[in-house]
Amino acid sequence: MPGEGGMVMNTNPHNEPKPFGENVTWQLGYFHECMSGFEHQVAAHLMAEGMVEESLILTRVIHNRYHASKRNPFNEIECSDHYARAMASYGTFISACGFDHHGPRGYIKFSPAWSAEDFKAPFTSASGWGSYRQKKIGAKQVHTINLKYGRLQLGELAFSNMGFGAMKSVSVMLGSQNIPVELKHKGSELLVKCYKKVTVNTNESLNITFS
């Protein structure tokens, strides 16, 4: 509608005379409209490529278009009502958190795209869900995985170095239990390898402190 924003699916980088076919073709209509599923996919890709501001602009435009004062915010129309492809929005969230998880390997990673020095977000795995928080405190950085439901088995964890200096030591605590680990560096990434896989259960927290 007039005054609303969106990503129109129309591009012709090679200046072809009829890039979208003849005016009589039924496909032509798709090139001049907005589809939230395609928009969210592009926003997710932008976030993954480090184009954070552009991703957030596109995401905000979609949310504004489906503001509750105008339309149903739980029905971002795509090809039809309640179309599943709009769930591509979750990809933007995953990329924004820098989240990666491999259940069988016991691998988990968080690398937020913004507000890295004070960040908190929910996460889900195949066998549990909870919240993650990271905070920079002076020369230290503290990471907390709080499991609200289920179980989470971990053997390797990865985080980003939030400071300019090298982190030389790491402490991993499951409640009051100290977990023996090895710290490795991979560029600006901090890799924590547990000598033995640790299981985080419901209402337990794993605290990782780098110094």
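The largest cavity holds about 30 Å³ of space, in a predicted model where local features need pLDDT of at least 70, side-chain atom pairs count only at pLDDT 80 or more, and totals for chains, interfaces and linings use all residues. Residues are numbered from 1 along each chain as its sequence is written, and side-chain values use heavy atoms, without hydrogens or water. A cavity is a set of points on a 1 Å grid over the protein atoms alone where a 1.4 Å probe fits but cannot get out; its volume is the space filled by probe spheres set on the points, which are joined across faces, edges and corners.

**Cavity**
- Searching the whole structure gives one cavity of 30 Å³ or more.
- Its lining (residues with an atom within 4 Å of a point) consists of Y90, F93, I94, C97, F99, F110, P122 and F123.
- Helix 3 (89-97) and strand 3 each give at least two lining residues; helices are DSSP runs of H or I with at least four residues, and strands are runs of E with at least two, numbered from the N terminus.
- Helix 3 has the largest share of the lining, four residues.

**Nonpolar core**
- The largest nonpolar core has 29 residues, of which I108, F123, I145, L157, L206 and F210 touch the most other members.
- Such a core is a set of buried Ala, Val, Leu, Ile, Met, Phe, Trp, Tyr and Cys residues joined through side-chain atoms within 4.5 Å, where buried means under 20% relative accessible area with a 1.4 Å probe, protein chains only.
- Strand 5 supplies six residues, the largest share of this core.

**F123**
- Beyond four places in sequence, F123 has contacts (heavy atoms within 4.5 Å) that include F99, I108, F110, W129 and I145.

Definitions and conventions:
Buried means under 20% relative accessible area, exposed over 50%, partly exposed in between (1.4 Å probe, protein chains only). On a 1 Å grid over the protein atoms alone, a cavity is a set of points where a 1.4 Å probe fits but cannot get out, and a pocket is an open set with protein on both sides within 12 Å along at least five of seven lines; lining residues have an atom within 4 Å of a point.
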